[in-house]
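Let's take a friendly walk through a protein and its ligand. Have the sequence and the structure open as you read.

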Amino acid sequence: MTDASPSQLRLPTPGCFADPDRSGLTADGVFDGMTEHLFYTLGKLAPTASHHDLYVALSYAVRDRLMTRYLAGIEAISATPTRVVAYLSAEFLIGPQLGNNLLMLGIQDEASEALRRFGIDSLEEILEVEEEPGLGNGGLGRLAACYLESLASLEIPATGYGIRYEFGIFDQLIRDGWQVEITDKWLKSGWPWELPRPDQACFVGFGGRTESYRDSEGDYRVRWIPSEHAIGVPHDVPVLGYRVNTCDRLRLWQAEASESFDFYAFNIGDYYGAVEEKVGSETLSKVLYPNDGTDEGRRLRLKQQHFFVSCSLQDMLRSLELRDLPISDFPDHWSVQLNDTHPAIAVAELMRLLIDHKHLSWDAAWDITTRSLAYTNHTLLPEALEKWGLDLFGSLLPRHLELIFEINRRFLQSVRLKYPGNDAMLRSVSIIDETNGKAVRMAHLATVASHHVNGVAALHSELVRTQLFPEFAALWPEKFTNVTNGVTPRRWIALANPLLRELLDEVIGQDWVCNLDELRRLEAFQNDSAFLERWGETKLAVKRQLAHYIHRQSGLLVDPSSLFDVQVKRIHEYKRQHLNALQVIAQYLRIKNGLGDDLAPRTVIFGGKAAPGYYMAKLIIRFINGIAETVNADPDMDGRLRVVFLADYNVTLGQRVYPASDLSEQISTAGLEASGTGNMKFAMNGALTIGTLDGANVEIREQVGAENFFLFGHTTDGIEAVRAQGYRPWELIASIPELPEVLQLVEQGHFSNGDTELFKPLLENLTGRDPYYVMADFSDYMRAQQAVSQTWGDRTTWNRMSLLNTARTGFFSSDRSIRDYAERIWQAEPFPVTISCEIDEP
Ligand code: F58
């Protein structure tokens with residue numbers, strides 16, 4: 001609290017956005033801010049404050065300090081319009097906010113000092129209280145969060161548009177070895193990082209019908225008369241860049257019932273109908289991606305997509321109107337990136353808003369749309385390419401369907417001119433799929449309307465061009481490009497791995513945080529044995545912390561000096577956690593048979609969630625836990641092998657795991673992992689990779705050097721050749737060393753307390769169709785794991801390889817990815833923000 005009397009309070013000066021007392025970055029400033037928020041915002045006296053209260057008070061004090069920058073940016077952009085990136089994504093997996101914002105502001109020590117005055121010894125104690133918003137499934141959502149952070153750190157104006165799910169990704173419990181899903185009530189104690197903006201709410205329609213009419217000038221027009229409405233209320237989350245004034249915005253839409261429509265239904269006596277609509281529209285932002293197996297689930301998901309896209313586009317158009325800018329300037333002010341096809345309805349919605357609401361001609365609207373939109377593809381898996389049956393689509397979005405038909409008609413007309421008489425060509429590029437009941441292909445819609453289409457790693461982008469969209473690539477070769485994914489070194493090194501950060505700061509200075517290529521300077525130490533030892537000790541210290549966490553969570557003791565061999569990511573057959581699990585059994589058998597003397601003592605750590613309706617993925621979790629139970633209970637394994645399944649893997653847990661890993665398992669079937677981003681987080685933190693030539697592994701290996709990477713497995717072409725020859729795994733198995741014994745042990749119920757039925761579906765899958773070529777890659781994987789063990793035995797070599805991994809991962813900073821998008825796709829430029837009032841520096 002300031003000791004100035006009211007008359008002496010320093011008021012904001014013109015052009016200054018804040019009371020300087022609320023912006024100061026000193027420990028005193030933070031302490032005063034906390035005291036004030038405890039008293040006035042939370043209504044608590046310091047002695048009665050819980051850890052959660054202190055977390056909230058500190059968060060508000062930090063948020064106050066973001067506001068000066070946030071509002072200065074908004075004012076600067078309205079004074080000098082510039083191009084803003086709109087990143088449309090159904091998911092933003094932003095992780096815990098407090099620690100990150102302290103890091104961005106550079107006030108971790110000041111916050112620690114302020115907390116000490118409240119009797120709290122370590123900042124960590126308060127950071128642990130924070131519940132992370134699980135507004136995403138995995139890599140795609142986390143990428144969006146890294147990209148927003150890099151946009152802000154590079155001072156590029158941006159808004160992330162998404163959905164404020166009331167329930168995010170489920171919390172995972174493990175019960176009797178099985179995954180159990182628990183509703184994620186992340187908002188139950190409030191969330192201090194958002195600012196609701198009910199004054200900027202938007203209306204969104206669904207269902208109903210369209211009708212044509214002549215306007216006052218006699219022009220033909222169409223109007224959509226929806227049968228249902230929802231209101232989207234924006235909730236803004238400030239996203240501060242690292243040590244800059246740019247504070248970008250994540251705008252999450254929450255669905256609320258449309259009062260006016262309720263009122264109408266109520267008046268005509270349909271009280272229950274009115275209530276039902278209210279409940280229905282609130283359900284819209286209730287939960288992250290319900291299981292889309294059922295029709296109701298799929299319908300809800302399409303509603304969610306249209307809901308957040310429509311709100312976001314209306315918001316962008318409104319920003320032009322507010323500044324009296326012509327609509328034709330839209331592409332100069334907004335560069336809209338579609339994060340996969342989930343927001344691809346934007347193509348039809350922008351056309352609708354421009355034609356039906358702004359009364360633009362088709363050509364003018366199409367010009368604006370195609371100059372504004374770009375699309376990123378994140379998957380080649382056919383089951384993940386979105387398609388909507390025409391019945392569902394037309395019943396929910398009748399006007400959009402008409403517009404899509406017209407877009408398609410015009411598009412196919414142009415294709416016909418280029419390929420006369422080629423009906424096969426028309427069928428394969430059409431936005432409407434007619435092969436299996438008619439459906440809208442969202443990837444085709446996005447591709448036709450975007451000025452750029454990119455994949456997320458070099459190999460993936462090549463496969464997008466050659467396998468997924470060869471016809472489109474022939475039509476528009478210049479449209480297709482690659483932007484290799486990246487991750488933010490602020491969260492994934494500086495915040496997650498403070499011990500490594502200190503070491504780096506000491507030996508190469510602090511510039512690496514903003515310029516990750518600076519890590520190259522570590523190479524100078526590659527032959528310095530004393531430094532390599534220090535490198536290894538730093539890793540060991542971090543591993544001790546993870547070992548402590550594992551002990552706290554599960555009671556299991558793991559040896560921090562063993563090789564920490566880690567696979568954390570969503571559980572999916574294509575990611576092949578079961579390949580890793582079989583390899584663990586092979587090691588177990590070797591040790592049991594007295595053949596394990598050359599094996600490195602290992603702690604094999606798994607973590608990840610399976611989709612609730614994905615039976616085989618859930619069985620793989622059960623399988624890993626079965627192996628863990630048997631291995632960890634066997635005295636022969638003491639000091640040699642431990643298996644851990646970390647429950648509820650999320651961003652918070654990732655921050656503990658990546659820094660503490662020695663070996664990163666990136667073992668997907670070649671051609672199926674678009675990029676991977678965990679692979680980058682591991683390598684940055686000095687883990688060596690064992691991996692296939694898939695996704696960004698290819699580029700990681702190129703960067704760190706083939707000699708510092710454990711490569712195995714068939715290539716994409718190799719897998720294709722195996723498939724083409726007629727893959728019969730059951731005929732292969734007998735000839736693969738160790739594999740028959742491994743499978744037999746599972747079959748006999750060795751990892752299921754004698755239950756020979758439990759893992760049968762998994763075994764049948766592997767020995768039958770083996771759709772992900774686990775058997776085909778097993779022996780080469782074993783060979784590579786042998787090389788891992790051998791290298792681990794020579795610790796100096798291992799430490800050097802680890803050091804070189806960190807040194808050579810500068811390319812995988814999301815700053816590099818964002819610069820690439822900004823220069824080649826968005827044409828967006830940095831727009832530094834200056835703050836005109838003085839702020840007490842730490
Ligand atoms: C991931 N996709 C890719 N999708 O699998 C991964 O290789 C890539 O690194 C990452 O995107 C970022 O580019 C992904 O995470 C999803 O989570 C979908 C969300 C919608 C439901 C289906 C899964």
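To sort residues by class, Ala, Val, Leu, Ile, Met, Phe, Trp, Tyr, Cys and Pro count as nonpolar, Asp, Glu, Lys and Arg as charged, and the others, Gly among them, as polar. Sorted this way, the shell around the ligand has 8 polar, 6 nonpolar and 3 charged residues. Keep in mind that the model is predicted.

**Around the ligand**

Which residues come nearest to the ligand? Of the 17 residues around it, these are L140, H378, N485, E673 and G676. Helix α6, which runs over residues 139–153, gives the largest share of the shell, with 3 residues.

Now look at the oxygen atoms of the ligand. One of them is 2.6 Å from an N or O atom in the side chain of E673. How much of the ligand's accessible area does the protein cover? On its own the ligand has 510 Å² of accessible area, and the protein covers 79% of that.

**Helices that pack together**

The table gives the angle and the distance between axes for each pair.

| Helix | Partner helix | Angle | Distance between axes |
|---|---|---|---|
| α2 (residues 51–79) | α3 (residues 98–105) | about 45 degrees | 10 Å |
| α11 (residues 346–357) | α12 (residues 362–372) | about 135 degrees | 9 Å |
| α22 (residues 577–592) | α23 (residues 615–633) | about 20 degrees | 10 Å |

Begin with α2 and α3, which pack at an angle of about 45 degrees. This angle makes α2 oblique to α3. The crossing in which α2 passes α3 is left-handed.

For α11 and α12 the angle is about 135 degrees. That makes α11 oblique to α12. Which hand does the crossing of α11 and α12 have, left or right? The crossing is right-handed.

Finally, α22 and α23 pack at about 20 degrees. Angles under 35 degrees count as roughly parallel, so α22 and α23 are roughly parallel to each other. α22 passes α23 in a left-handed crossing.

How values were computed: Residues numbered from 1 in each chain as written. Predicted model: local features only at pLDDT ≥ 70, side-chain atom pairs only at ≥ 80, totals over all residues. Heavy atoms only, no water. Near = heavy atom within 4 Å. Polar contact = N/O pair within 3.5 Å; in protein donor to acceptor, adjacent residues only side chain to side chain. Areas by Shrake-Rupley, 256 points an atom, 1.4 Å probe, with all protein chains shown as cover. Helix = DSSP H or I, 4+ residues; strand = E, 2+ residues; numbered from the N terminus. Axes fitted to C-alpha atoms, helices over the stretch in contact; angles between N-to-C directions. Parallel < 35°, antiparallel > 145°, perpendicular 65-115°, else oblique. Left-handed = near helix turned anticlockwise from the far one by under 90°.
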